[in-house]
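Here are a few exercises to work through with the model open in your viewer. Try each task before you read its solution.

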There are 2 protein chains.
Amino acid sequence: MHRGLIVQKYGGSSVANVERIQKVAKRVADYRKKGYDLVVVVSALGDTTDELIELANQIDTEPSDREMDMLLSTGEQISVALLAMAIHKLGLEAISFTGAQVGIITDSSHTKARIIKINAGKIRQALRNGKIVIVAGFQGVTLEQDITTLGRGGSDLTAVALAKELAADECEIYTDVEGIYTTDPRIEPRAKKIKRITYDEMLEMASLGAQVMQARSIEVAKKFNVPIHVRSSFSDKSGTMIVKEARHMEEVVVSGITLNKSETKITVCDVPDRPGIAARLFKDISGSGVSVDMIVQNVSHIRQTDISFTVNKLDTNKAMKVVRRAARAMGTGDVLKDEGIARVSIVGVGMKSHSGVAAKMFEALASHKINIEMISTSDISISCIIEKKFAEAAVRSLHEKFGLGK
Amino acid sequence: MHRGLIVQKYGGSSVANVERIQKVAKRVADYRKKGYDLVVVVSALGDTTDELIELANQIDTEPSDREMDMLLSTGEQISVALLAMAIHKLGLEAISFTGAQVGIITDSSHTKARIIKINAGKIRQALRNGKIVIVAGFQGVTLEQDITTLGRGGSDLTAVALAKELAADECEIYTDVEGIYTTDPRIEPRAKKIKRITYDEMLEMASLGAQVMQARSIEVAKKFNVPIHVRSSFSDKSGTMIVKEARHMEEVVVSGITLNKSETKITVCDVPDRPGIAARLFKDISGSGVSVDMIVQNVSHIRQTDISFTVNKLDTNKAMKVVRRAARAMGTGDVLKDEGIARVSIVGVGMKSHSGVAAKMFEALASHKINIEMISTSDISISCIIEKKFAEAAVRSLHEKFGLGK
């Protein structure tokens, strides 16, 4: 009996060694025996990618992006071959493909290529021939046949894009956690697994620090309405469904709490309050390749203001250099950096239609005597920058305040 | 100044680690600076291939050939990317390609594919753009885009085939020895490096046990008259040239002595002397996938005979099973196996026109009281099967008898 097509993606920890590859094979075989067609996307074994990067860095700390893609793409190629062998061993038919072989065509932005289209004819044919199709994640190929990679977490994107292209009934993302949690269970043991979450919420959670799934892949899933099921490869429990509308009868206001401790706050003091000043500053920063995250500006009555923003802490020195130069040119005051900060955020589509959510958040922090240094809001999230030492306490207080442990 | 095109091939030991890869890059760069165009073929790093085979065998001792090729081809892909990076680091332009990318089209005999044609347009274009071209050895691709490998030593074939296709001025095979020797220097310290050797002699040497170069690649070099230079990647000394005609003024009768200790002798006793019996026997054996090497039969006056032949010792059990079955069906006598044998051979185009070479060989062995169990001859070689324990002594005695140490 034919029961539909499922795309499954297994991350590096799910295929870290031969034993785990055999477990994945067993799971795939079980699905097959139930009557599903299967396309399985696999990441590189465990730490393979990091080991290859280390090897390259021994030769050149700034290796060519094209050659880096040539190198890194081997990791997934090893995984797919081994998984196909493990499935054969269970007596089922499987065939492995590289990204190039299944026509995952990308632009030529090596190390962070974008998928242009997928020529899935080869996959469709293999499925028609009754085979389980194993596809190397994270990689594609340009029209000139150069191998590309899709950036960190790119295997998620491969899976979602294939699920869309093949109109799969579900896209399962297997990982080493059981799903998306209301917050990081290592910080708040009462964190609960979320059963259903919307693409938008998941996108906020991903970009705000939840590491489970790559943000770009969620964007694509949202755009094409691909149903995603994030679950553990070490258990049979169902995980978290990521869908368009997650709400049932009752409205949950806040879905989860995220924490990000990898940012630095930079403040430019006494900025003249003239049009074009902020534009100039952030144009210079983005020109240097540094991504800016949260930006806060308050215009004071004396026609001068402070502009604060956060950058990834790895970019701190680069950003400070550019900002200092720009500050001198614009005649502002001091440029300050603060590396002792954390960002804590609440995420939930429900908060759009509920007043008082922000107030409730600030109350929770205040009740623990946690000072808020910056505030930023979006449609479905509110973020506060606080002192890093209060980070975990803040997460726990918010988790409790919004009743997420229940 | 443009000085011509050289194809260089570096084996696994030449690129076993980052330091050696950097040395190869330096050598390539030196050639480039002298004005040569370069196509560089690289094998997998050191023991990578064996490690990947081990990984596959943990999953399945008889993995699918197609998936094995998918797996093993990653080894060379890693090498080419790293070598390209190392050349970039020296400030030169280089670009790496997989076998598939440079259009090395093969049949679909996975793990031992044969090259059908090479669509070298991509390489020619890269050369025109002034780039050093790095090509993954050992691999190709079918017209259906399945990745194939060319069998053990297949990188030699990649190099020779590319040299032919691109009409290179020379094909250099870099290895961990300084060239072809009159015999194995570990057995006979007085062994001498051979300056020039013919394709035919080299072919005999390769198939008789000299491990320096893959036999098929020499066949191809001979067919298309590709000049080959076998040399060491650890020294600047010139090595051995493999050419059509190696002789100068004086004729060297015997060029080298080879030894092969990896065979088993199988003897079928009391075989009825009827037409078709040998055909039947060897058809059954080849049908089982076992390659037979030396075959000797002597018809006796009583219309019965013994047939002896050798097989690779890894195939002993498989061969014995088939032969016993065939022997029963044909009504022969016992089937015996002897694993304690060695084959020692003398090789040289000169022997065709010189009588007494065989006699001289048998004399040398007799003078050391070494009994000869089987004899087989070709146009340019004579091989004797002897007891394994005399193998090294036989090599030394022949090396001296034919004056090769001088």
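**Exercise 1. Work out the handedness with which H3(A) passes H3(B), and how the two helices run.**

Step 1. H3(A) passes H3(B) in a left-handed crossing. A crossing is called left-handed if the near helix is turned anticlockwise from the far one by less than a right angle, and right-handed if clockwise. Helices here are DSSP runs (H or I, at least four residues), strands are E runs of at least two, and both are numbered from the N terminus.

Step 2. Now the geometry: the axes of H3(A) and helix H3 (residues 65-89) of chain B come within 8 Å and cross at roughly 165°. That makes H3(A) roughly antiparallel to H3(B). The cut-offs are under 35 degrees for roughly parallel, over 145 for roughly antiparallel, 65 to 115 for roughly perpendicular, and oblique for the rest. Axes are lines fitted to C-alpha atoms (for helices, over the stretch in contact), with angles from 0 to 180 degrees between N-to-C directions.

Step 3. Look at who meets whom: residues of H3(A) including Leu71(A), Ile78(A) and Met85(A) meet a set in H3(B) that includes Leu71(B), Ile78(B) and Met85(B). Contact means C-beta atoms, placed from the backbone, within 7 Å. By class, this helix pair brings together 16 nonpolar, four polar and two charged residues. Ala, Val, Leu, Ile, Met, Phe, Trp, Tyr, Cys and Pro count as nonpolar, Asp, Glu, Lys and Arg as charged, and the others, Gly among them, as polar.

A note before you go on: this is a predicted model, where local features need pLDDT of at least 70 and side-chain atom pairs count only at pLDDT 80 or more, while totals for chains, interfaces and linings use all residues. Residues are numbered from 1 along each chain as its sequence is written, and chains are lettered from A and ligands numbered from 1 in the order in which they are written.

**Exercise 2. Zoom out: how many residues does each chain put into the contact?**

Step 1. Chain A and chain B each give 27 residues.

Step 2. On the chain A side, the elements that supply two or more residues are helix H1 (18-33), helix H2 (48-59) and helix H3 (65-89). H3(A) gives the most, with 14 residues.

Step 3. Sorted by class, that side of chain A has 15 nonpolar, nine polar and three charged residues.

**Exercise 3. Trace the open four-stranded sheet of chain A.**

Step 1. Its order is S13-S18-S20-S19, with antiparallel pairing. Two strands pair if DSSP finds at least two bridges between them.

Step 2. Strand S13 (256-260) and strand S19 (372-378) are the edges, each pairing on one side only. The twist averages 20° from one strand to the next.

Step 3. A hairpin takes S19(A) to S20(A) through two residues, and six bridges join S19(A) to strand S20 (residues 381-387). Ile372(A) has Ile386(A) as its bridge partner, and Met374(A) stands opposite Ile385(A).

Terms used:
Contact = placed C-beta atoms within 7 Å.
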